[in-house]
Amino acid sequence: MKRDQRAAHPGLQPMDDTMLTRESWKIFQIMGEFVEGFERLARIKPSVSIFGSARIPPQSPTYQLAEKIARDLSDAGFAVVSGGGPGIMEAANKGAFAGKSPSIGLNINLPHEQTANAYQDVSLDFRHFFSRKVMFVKYASAYVVLPGGFGTLDEMAEILTLVQTDKTRRIPIILVGSDFWKGLLDWFENTLVAQGTINQEDLNLYTVVDDAKSVVDAIFNFYEYGGLEPTSEERERLMDL
């Protein structure tokens, strides 16, 4: 295709500013989500972000395990941060709400499924997944990932990527439920490592456990010789999430 023909493509034409009016105003909405998140969460530390399916009912052993984990973390001095919805998110907030430390919900507006649970000391509402994801990472001292679907996998992949690439500090990433995660973790090793898309050492970024005590122990063992607070160098990295 000749250059003058390419230049006639609609995507290469000068922009009509009226096309950007709505998108431009969205910037202020996004800024508002970040500012409110930073203001409300900066003092809520140390904290642990907990993830899992919105579809797991209260009678499920997985729900009850999530509630127990959150209660133990709360009593151990950790604020608990969840997605604020039903299922594992509700269990996490419920357990934290019954403990000694704050229960935080980062709620997302969705066409289906998400309804804020009633166990939140601090409840924030987000329209955008990306700004919400920053809040999960920004002040977290650990990630706890229980069985879940695409959203849970997204959050797990996000923190693994950020730690792997040194965009955030190294924190405990704890996967709960060895039977549930086995197939995925085997694929990590037998396919991703084997084909060179990740390194063998990347498999050390996470720990797999099956009970609440092991979650708490894993976090305290990780920080045994260091503080929960990020170093000055780590704080600089967190500025560029």
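Which residues in helix 5 meet which residues in helix 6? I opened the notebook with that. The model is a predicted one.

**Entry 1. Helix 5 against helix 6**

I looked up the contact list. From helix 5 come Arg 132, Lys 133, Phe 136 and Val 137. From helix 6 come Asp 154, Glu 155, Glu 158, Ile 159 and Leu 162. I sorted the residues of this contact by class: four are nonpolar, none is polar and five are charged.

Then I took the geometry. Helix 6 covers residues 150-164, and helix 5 packs on helix 6 at about 60 degrees. Their axes are 11 Å apart. That angle makes helix 5 oblique to helix 6. I noted the hand as well: helix 5 and helix 6 cross right-handed.

**Entry 2. Helix 6 against helix 7**

Next I moved along to helix 7, residues 178-193. Helix 6 and helix 7 pack at an angle of about 40 degrees, and their axes lie 14 Å apart. The two helices are therefore oblique to each other. Their crossing is right-handed.

I listed the contact. Helix 6 brings Thr 152, Leu 153, Met 156 and Leu 160. Helix 7 brings Trp 181, Leu 184 and Phe 188. By class I have six nonpolar residues, one polar and no charged for helix 6 with helix 7.

**Entry 3. Helix 2 against helix 5**

I went back to helix 5 for its contact with helix 2. The axes of helix 2 and helix 5 come within 10 Å and cross at roughly 20 degrees. Helix 2 is therefore roughly parallel to helix 5, as angles under 35 degrees count as such. The crossing of helix 2 with helix 5 is right-handed.

On the helix 2 side I wrote down Ile 30, Glu 33, Phe 34, Gly 37, Phe 38 and Leu 41. On the helix 5 side I wrote down Phe 130, Ser 131, Val 134, Met 135 and Lys 138. The class tally for helix 2 with helix 5 is seven nonpolar, two polar and two charged.

**Entry 4. The cavity**

How many cavities of 30 Å³ or more does a search of the whole structure find? I found one. The largest cavity has a volume of about 60 Å³.

I read off its lining: Leu 41, Ile 44, Ser 47, Ser 49, Val 81, Ile 104, Met 135, Phe 136, Tyr 139 and Ala 140. Strand 1 (47-51) and helix 5 are the elements that give two or more residues to this lining. Eight lining residues of the largest cavity are nonpolar, two are polar and none is charged.

I cross-checked names. Leu 41 lines the largest cavity and also belongs to the helix 2 contact with helix 5. Met 135 is in that lining and in the contact of helix 5 with helix 2. Phe 136 lines the cavity and meets helix 6 from helix 5.

**Entry 5. The second largest pocket**

I turned to the pockets. The second largest pocket holds about 280 Å³ of space. Its lining has 18 residues. Lys 138, Tyr 139, Pro 230, Arg 235 and Leu 238 lie nearest its centre.

Which elements each supply at least two residues of the lining of the second largest pocket? I noted helix 5 (129-138), strand 5 (140-145) and helix 9 (232-238). The lining of the second largest pocket counts 10 nonpolar, three polar and five charged residues.

Tyr 139 is listed for the second largest pocket and for the largest cavity. Lys 138 is listed for the pocket and for the helix 5 contact with helix 2.

**Entry 6. Backbone points**

The peptide bond from Lys 45 to Pro 46 is cis, with omega near 0 degrees. Pro 46 sits in the loop between helix 2 (21-41) and strand 1.

I also flagged Asp 166. Asp 166 is not a glycine, yet its phi is positive, about 65 degrees. I placed Asp 166 in the loop between helix 6 and strand 6 (173-176).

Conventions. Residues are numbered from 1 along each chain as its sequence is written. This is a predicted model: local features need pLDDT of at least 70, side-chain atom pairs count only at pLDDT 80 or more; totals for chains, interfaces and linings use all residues. Side-chain values use heavy atoms; hydrogens and water are left out. On a 1 Å grid over the protein atoms alone, a cavity is a set of points where a 1.4 Å probe fits but cannot get out, and a pocket is an open set with protein on both sides within 12 Å along at least five of seven lines; lining residues have an atom within 4 Å of a point. Grid points are joined across faces, edges and corners, and a volume is the space filled by probe spheres set on the points. Helices (H or I, at least four residues) and strands (E, at least two) are DSSP runs, numbered from the N terminus. Ala, Val, Leu, Ile, Met, Phe, Trp, Tyr, Cys and Pro count as nonpolar, Asp, Glu, Lys and Arg as charged, and the others, Gly among them, as polar. Axes are lines fitted to C-alpha atoms, for helices over the stretch in contact, and angles run from 0 to 180 degrees between N-to-C directions. Angles under 35 degrees count as roughly parallel, over 145 as roughly antiparallel, 65 to 115 as roughly perpendicular and the rest as oblique. A crossing is left-handed if the near helix is turned anticlockwise from the far one by less than a right angle, and right-handed if clockwise. Contact means heavy atoms within 4.5 Å.
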